[in-house]
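Here are my notes for a colleague who is meeting this structure for the first time. Please read them with the model open beside you.

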Amino acid sequence: MKLRERIVLGISISAVLFTLLLVMDLQMDTGYSGQHLVYPSHGRVKFGGGENIRNAYDSFQKRFLQKANASHVPSKEISNSLNLFGNVVRDIENRPQRQFNAPAIDQPGQFEAPGQFDAPGPFDVLDSANYHGDRNDLNNRRVFQENQVREQHDNFNDLNDFLINNPVSAGGRSGRKSGAGVGGDSGDSGPLEDPIIVVSEEDSELDNPTLQDLLGLELPDNATILDEFHMRISKREMYKEDDPLVERIMDEIATVPFTDVVQKEGGTQIKLIITFDNHLQALMKPMRFPRDQQTLPNHFYFTDYERHNSEIATFHLDRLLGFRRAMPVTGRLCNITSEIYPLVDGELLKTFFVSPGNNICFHGKCSYYCDTSHAVCGNPDMLEGSYAAFLPDKSVAERKVWRHPWRRSYHKRRKAQWEHDADYCDIVREIPPYNQGRRLLDLMDMAVLDFLIGNMDRHHYETFKAFDNETFPIHLDHGRGFGRAYHDELSILAPILQCCLIRERTLNTLLKFHNGPKKLSEAMVESMSRDPIAPILWQPHLDALDRRVKIILQAIRHCIEVRLDKPTENPPLTILPTARIKLPPRS
Ligand SMILES: Nc1ncnc2c1ncn2[C@@H]1O[C@H](COP(=O)(O)OP(=O)(O)OP(=O)(O)O)[C@@H](O)[C@H]1O
Ligand SMILES: [Mn+2]
């Protein structure tokens, strides 16, 4: 082939590959199928059609030319400019001894091993001069304490009334007469434009096929209990309420010997895929630091270490809230030397070492925190981790990946559209799959879950393809919750605050936990008490759960008051994250 022909061929292939890449990226918004979400330069969102080429170009500009916006993983350049690693090292040096993950073996008693995890009095850590959290949070702690003493219990009777009289069914939006039946206090008000509380069909048992039904799967003779669990995953939930398989799977994952350990490819932090003697598999995230260690004040949400206890606690929370959209997760203590080291090979094996303190460590390969100075270390070889039962293999049950409409920008200066567009929800409401059915309500549920745990890292979500669009979003990846016990991040509630929308059942559940007799924190302690590495949550995080339930209820109350033009005593909740000071201009 002549040189010219080769060049032409090369350019053609690049063009085809580039187009493919572009198409795949665009499809992410609609879960790899359906219509494309595109933003014209002004006005409302339109769907692919006549303007396809122009829109594709706009999207291309957004996604690629403004590259940092495109990914939830900050580039190396960003992390370097944050002096990320430097901060961590400094912080570890400054941290009081008792907070080390793996103290040298000649400091017995300092490691918070399961059973011995001596949940500190609520404020020990903060009272020490060495508090490593956000300084503002210290003030919040005082305010929260004072409020607790001063405040009378508000049982949100107005919301209860509204619940009884007002909800509209998910299919009934077209009528837009949702407020017509408003009774009680609000009986004199006119109809609402949009429903606030929606009765979803999820309570019904109808039309709830399982993966087994839809994929025509048969359980082989040697099937594991996890295979059985997978077959029963249904269109509306990962597992049925009180399904005995859930506890059985957690018990087995917590006790059965390992037979294989490999590192999970991709992702930002190290995760291991563990195979057990009974052929079950789990995704393991190792403990990084103790439960009372707050998010490092110099870390962004996307550079925060993941917390194994957050993965565990969030599974329990998801179940208590009645969502049942997460895979079972249990804690487990393992011996790195005898249970992991003999089973690993290749690149992972090369990263094992003994630290100067004689603890067994490894760091694996990943884009963050996978080097000697950020190794995972045992005490001296015992390591806590979270173990999430594996999802069905993608070859059995394919999943769709969706961009979360309220994802953050993952750029240290740029903002996401929802942060400066108060009407952002109106845009989302018109885009499939958010324009009908359950999906928008599911995002509200996800916001409830994320707000309660303080997770700011929900960039994508996944659904099972077999169930099409009228199915639950899988609740995955909760390693970044429970980092700041004295800060309630209202921006996580943006979907609820901007849409003024919540599923009736979720609101009922929140009211139930708020008014008791069992508070959410109590139900959580009870639910997590059987975990092998209980207690899972530091008391201030449990207190935060109860406090945040109330904030969500206040947000819904505020929505109703504004919609009904009622005088409101409550100031609006602001969704903007705490303003950060700016660097002064350089002369
Ligand atoms: N229980 C599970 N079983 C099988 N696969 C899982 C499970 N949990 C998560 N995954 C897959 O592994 C991927 C990475 O997991 P996860 O998001 O928890 O880790 P991560 O390091 O936080 O990744 P990222 O940094 O990309 O968000 C997920 O996108 C999901 O597809
Ligand atoms: Mn993640």
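1. The UniProt record, as an unreviewed entry, lists Gln 269, Lys 285, Glu 306, Ala 388, Ala 389, Phe 390, Leu 391, Glu 462 and Asp 477 under "binding site"; UniProt positions follow the numbering used here, feature names are shortened, and annotations may be inferred rather than shown by experiment. This is a predicted model, in which local features need pLDDT of at least 70 and side-chain atom pairs count only at pLDDT 80 or more, while totals for chains, interfaces and linings use all residues. Residues are numbered from 1 along each chain as its sequence is written, and chains are lettered from A and ligands numbered from 1 in the order in which they are written.

2. Around ligand 1 the model places Gly 267, Thr 268, Gln 269, Lys 271, Leu 283, Met 327, Ala 388, Phe 390, Leu 391, Leu 476, Asp 477 and Gly 479, where a residue is near a molecule if its C-beta atom, placed from the backbone, lies within 6 Å of it. By class this shell holds six nonpolar, four polar and two charged residues; Ala, Val, Leu, Ile, Met, Phe, Trp, Tyr, Cys and Pro count as nonpolar, Asp, Glu, Lys and Arg as charged, and the others, Gly among them, as polar.

3. The protein is divided into domain 1 (157-163 + 197-202 + 396-565) and domain 2 (211-389), with bounds that come from an automatic or database domain assignment. Ligand 1 lies between the two domains because both of them give residues to its shell.

4. The centres of domain 1 and domain 2, taken over C-alpha atoms, are separated by 24 Å. Their contact takes 41 residues from domain 1 and 39 residues from domain 2, two residues being in contact if their C-beta atoms, placed from the backbone, lie within 7 Å. On the side of domain 1 that touches domain 2, α17, α19 (504-515) and α20 (520-528) each supply at least two residues, and α17 gives the most, with five residues. By class, that side of domain 1 has 23 nonpolar, nine polar and nine charged residues.

5. Phe 390 is partly exposed, since 19 other C-beta atoms lie within 10 Å; a residue is buried if 20 or more other C-beta atoms lie within 10 Å of its own, exposed if 12 or fewer, and partly exposed in between, with C-beta atoms placed from the backbone. Leaving aside neighbours within four places in sequence, Phe 390 is in contact with Leu 226, Gln 281, Ala 282 and Leu 283.

6. Glu 462 counts as partly exposed because it has 17 C-beta neighbours inside 10 Å. Residues up to four places away in sequence not being counted, Glu 462 touches Arg 399, Lys 400, Val 401, Ile 474 and Leu 476.

7. The unreviewed UniProt entry places the feature "active site" at Asp 457, a residue of the loop between α17 (439-453) and β14. Is Asp 457 buried or exposed? Asp 457 has 21 C-beta neighbours inside 10 Å and therefore counts as buried. Apart from residues up to four places away in sequence, Asp 457 touches Tyr 301, Phe 302 and Arg 480.

Technical notes. Helices (H or I, at least four residues) and strands (E, at least two) are DSSP runs, numbered from the N terminus.
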